[in-house]
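Hi everyone, thanks for coming. Let me put the structure up, and then I'll walk you through a few spots in it.

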Amino acid sequence: MENSIIKSQAYGKDRVRVVRVVRHADGWQEIADYWVCCLLSGAQFESSYTKGDNKLVVATDSQKNTV
């Protein structure tokens, strides 16, 4: 089996919907609707690809819930 080199790795959650509501004292409300992408990358994730060690990996649903 040939040795492989991982040049870069990244993972994340795309199209996470974020809705922000600002309520003013006079009853007026402002609504902002966003679609965001949460992307994690870095050399520290290489072991999850090469050795199956997922201790540094954050689950994508956890990423979504944190946003």
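**A short tour**

Let's start with Thr50, which is found in helix α1 (helices are DSSP runs of H or I with at least four residues, strands are runs of E with at least two, both numbered from the N terminus). Before I go on: this is a predicted model, where local features need pLDDT of at least 70, side-chain atom pairs count only at pLDDT 80 or more, and totals for chains, interfaces and linings use all residues. Residues are numbered from 1 along each chain as its sequence is written, and side-chain values use heavy atoms, with hydrogens and water left out.

Back to Thr50: its relative accessibility is 47%, so Thr50 counts as partly exposed (buried is under 20% relative accessible area, exposed over 50%, partly exposed in between, with a 1.4 Å probe and protein chains only).

Now, how many aromatic pairs does the structure hold? One, where pairing needs ring centres of Phe, Tyr or Trp (its six-membered ring) within 6.5 Å, and planes under 30 degrees apart are stacked, over 60 edge-to-face, the rest tilted. The ring centres of Tyr11 and Phe45 are 5.4 Å apart with planes at 90 degrees, so this pair is edge-to-face. Tyr11 sits in strand β1 and Phe45 in the loop between β2 and α1, so the pair ties together parts 34 residues apart in sequence. Both Tyr11 and Phe45 are buried.

Finally, Ile31 belongs to strand β2, residues 29–41, and is exposed, at 63% relative accessible area.
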